[in-house]
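Hello,

Here is the structure I promised to send over. My notes follow below it.

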Amino acid sequence: MSVEKIESLEKEFIFASGTCKNVADVEALRIKFIGKKGSVSDFLAHLGEEPPEEKPIVGKRANELKNEIITFIKEKEAEFKSVAKTGGGFDITLPGTKYEIGQRHPLTQVMDEICAIFRHIGFKIVESPEIETEFNNFTALNIPLEHPSRDAFDTFYLESSRSTASHLLLRSHTSPGQVRVMKQYQPPLAVVVPGRVYRPDAVDASHSFMFHQVEGFLVDKEVRFSDLKGVLTYFCQELFGKGIRMRFRPHFFPFTEPSAEVDISCIICEGKGCSVCGRKGWLEILGSGMIHPNVFKAVGYPKDKYTGFAFGMGVERIAMLKYGINDIRLFFENDLRFLRQF
Amino acid sequence: MKISYSWLKDYVAIKLSPEKLAERLTLLGLEVVSSENSGEETVLEIEVTANRPDCLNYIGIARELAAATNQKLKIPPLSQKAKAAKGKFIQIEDKNGCPQYIGKIIEGCKVGASAAGLQKKLKDAGLRPVNNIVDITNFLLMELGQPMHTFDLDKLAGKKIIVRRARPGEIIVTIDGIERKLDPEILVISDDKKPVAIAGVMGGKETEVNEYTRNILLESAYFNPIVIHRTCRKLGLASESSYRFERKVDVPMVTLASNRAINLMLQTAGGKLTAVCDIDSGKAGLALKIALNSEKAATLLGQEITAGKIKSILGSLGLKVSSSKGKNFKVTIPSFRSDLKEEVDLVEELARHVGFDRLPLSLPAIKISRIPEQPIRKLTAQVREIMVATGLSEIIGYSLINEEDLKKLNWDGTQPVRIQNPLSRDQEIMRPTLLTGLLSAMQNNLSHNLTDVKIFEIAKAYQEECETLSLSIGLMGEKSQVSLWDLKGRLEVLVNKLRITGVEFSPQPKNFFAAGKAFAITIDQQAVGFLGELSPAAAASLDFKHQQIFLAELNLEALLRVVKWERKVAPLINFPLIRRDISLIIKEEVSGSLIVDLLQKEAGPLLINTVLTDRYSGAQIPAGFKGLTYSLEFQAPDRTLSDNEANAIHEKLCNLLVERLAAKIRR
């Protein structure tokens, strides 16, 4: 008796399923069979009234039928929903025509962004040669030739074809750009110098023998240390967001006095301490300071007439922090899977 | 330099926790780069900048801390001097390399292990305890910053010391057991026969003090920083001693440290001071006095600092304000602060101890710099924009490369400039072409199975000792996915957008390009670059497989000379435009430019545009011929052009093509 009942329910379902044409039909089918008062639900609710010897068999079949209906409903619903998206014949879920556009290198993008911030507040952008003299790269910047302070600026020298008295080298920082501009122009000066620099460093995840720097300086009458703090704070907040905190620490650079290293609160952990900031909560981002009088002297400015500040930053480091890049070599491998993310 | 928290307390009272101490030192410019906590002890690693050799010891750090926390600096007894007869066992041959050398001899001492407390201190500082004599010199190295050395007197030939340059061919085995070759650039300490130490850097193995030593000679000296710096570079050797000598040690400390060393040695190892020899050629000089104007300091910092504050900060650092009149101060600089040379240096001291973070913040009124915009930057930005718009990804390649990369390319352009001191062969030359960057990027991508690579780079190429800003474009694809037209088309877009005229492409063989697929780009007959297909030989030696590679390079500085920034809009003509196509089959050797020249010359002013819309070859075209379709646009500026007029010109052109160029017109 009960087996027959089940079989008739099954037939009923097969027939009903064939007539489902839309989401509403599916819903009606659901209510009819497995809703609270549905026929299959009702049958299962009254399973206790079946003879004990049939109970396991019909119970099993009834449950199988219920699961079959549930699966059917899910599949149909998904089908109708996706059909609905094709909007009557045009399947808008298929991808559009693929247009290939290129992109600037991430380092170019970061350098452009840095330069744009300074341009907004009146700095001029100037490019300077990569092949430099010892005078511009060291001497004019108050870096004595034989002193440990030069060790930080290990430098590639060019093998000279001609026998020139002064050695040519690949600039080890963008600061010679400062010297060149000051030799040519009188203050007021507000200038940013972006570009490639070179140091004989063994290549690993955080070192490269070629990298990029952005140098900047402001020279005028009565430029103050407080101006340095103000301008660099403005810059960091523009680049990393208004929420960051700043820290200025005394440091040593031969071409500035006082010299300050500039930290920002870690943008990864917001100052709590993480692996990126070495659990310190701070990230070193800029070197800076008030331009040393010896630099003014080297470029031929009159004594005590001008003051100014200068700063420099590593573009790779900033890009790595901004984009969560953990290996500097990625910038120079030019893997399209990397470049296309920018 | 490593500083242990408890040892530092010997010289200054510390009320800060180790964490707070680290922060405080960092904000003074003594950056704590790491801190190790081992139960009861905290050891701070401090990065001392090159200008502050006075902080390469406990007293120096303690002095800074005492000044910052308003505590008293506790200096150990230094001037007590054990008496002894004057000896004559030292001789200085190079007074420039060694202006002062003090030798003191203790006889009958007992060498053994140091007390546990001293051993702990040395270990915390990262030094290995050796014996009570050596440990005292190391202890004082850390405490006072004066490196000293002890010799086993009985192993010194002639029981004497000669400070001189090494002789050619001399060698020494240093205490680390390594044999080192010396030369006359290196200053050595020698006995009667041979070098027994590399001056200021490391002692010799043979004369070192060990448990059998009975009589010692203690060396305390001032060595010329440049001489030590050169020696270290030459030998590739550095030590705690050389690190300090290179940065200048404090001259009076040469004497004082030696006094303290003898006192401690006599206390712990016994024996008797028997002879002293002090050769001093007078290095000390007069104490430097610097004038400081508080108004100037205020202008530089953006905040005034009171006279009282100036005196207290400078005083606490061991500087003496010898006189002050209103805003003018005379400051006497102690010998250990050789970094303080002029007024700004004193301003920095004030700023440091007021606290950089406490100084105010201001936004200056930035005036307009009278520097013209660099036109090359404007050009670069536009070129980059156009390249990106044509679907190219910008790459950055290395400026320094391995010479092999040029050889594999079969480069036949200018010879590269070599680097004198590369770290590896990968940096041995400066690239004369940007092609190497494109090719290495292609190889990298190919190794990840990316075969469709369209890239460009804007960077310097180096010829002789000049750098030229250049543009390079590279297209790589599987066969027939990419063609030379894809490259030429991009170059055309570039010159058109930059309003550059007079551009011509003409065959010019290059070793690295395939035969017949190498072309020069000229503007008004001036060479500005080249394009072509990478030769099969170069492709093979660079490990490319079936890919086709097209490359171009352009001198951007040459483009800058001909770029036209002005734009004048041409009036738009609103009379109807008539199009007529010409499909023709013509001999391969008849150039497209010849056809277009003929069309434009003979059509008259009504032909306003000639566009190649199709080129074809294949079964229907006989060998040695090519099929081309041009779309001609006719328009009159002042009236509606009739179909008949256009048809007449079209007919005339077709006939001329047949007559003059032997073309076959497909109707």
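Keep in mind that the model is predicted. Ser288(A) has a relative accessible area of 2%, so it counts as buried, the limit being under 20%. Its contacts, leaving out residues up to four places away in sequence, are Leu228(A), Leu232(A), Phe253(A), Thr256(A), Ser259(A), Ala260(A), Val262(A), Ala310(A) and Phe311(A).

Next, the aromatic rings. Over all chains there are 26 aromatic pairs. Take Phe13(A) and Phe72(A): the centres are 5.5 Å apart and the planes stand at 90°, so this pair is edge-to-face. It joins distant parts of the chain, with Phe13(A) in helix α1 (residues 2-18) and Phe72(A) in helix α4 (residues 55-85), 59 residues apart. Both Phe13(A) and Phe72(A) are buried.

Phe156(A) and Phe209(A) also pair edge-to-face, at 6.4 Å centre to centre and 90° between the planes. Here two loops of chain A are linked. Phe156(A) sits between α6 (134-137) and β3 (168-170), Phe209(A) between β4 (189-198) and β5 (210-220), and 53 residues separate them. Phe156(A) is buried at 0% relative accessible area. Phe209(A) is buried too, at 4%.

That pair belongs to a cluster. Ring pairs connect Phe156(A) and Phe209(A) with Tyr323(A), Phe331(A), Phe332(A), Phe338(A), Phe342(A) and Tyr398(B).

Last, charges over rings in chain B. Lys378(B) lies over the face of Trp565(B), 4.3 Å from the ring centre. Arg615(B) has its charged end over the ring of Trp485(B), 3.9 Å from the centre.

Best wishes

Terms used: Residues are numbered from 1 along each chain as its sequence is written. Chains are lettered from A and ligands numbered from 1 in the order in which they are written. This is a predicted model: local features need pLDDT of at least 70, side-chain atom pairs count only at pLDDT 80 or more; totals for chains, interfaces and linings use all residues. Side-chain values use heavy atoms; hydrogens and water are left out. Buried means under 20% relative accessible area, exposed over 50%, partly exposed in between (1.4 Å probe, protein chains only). Contact means heavy atoms within 4.5 Å. Rings of Phe, Tyr and Trp (its six-membered ring) pair if their centres lie within 6.5 Å; planes under 30 degrees apart count as stacked, over 60 as edge-to-face and the rest as tilted. Helices (H or I, at least four residues) and strands (E, at least two) are DSSP runs, numbered from the N terminus. A charge sits over a ring if NZ of Lys or CZ of Arg is within 6 Å of the ring centre and within 35 degrees of the ring normal.
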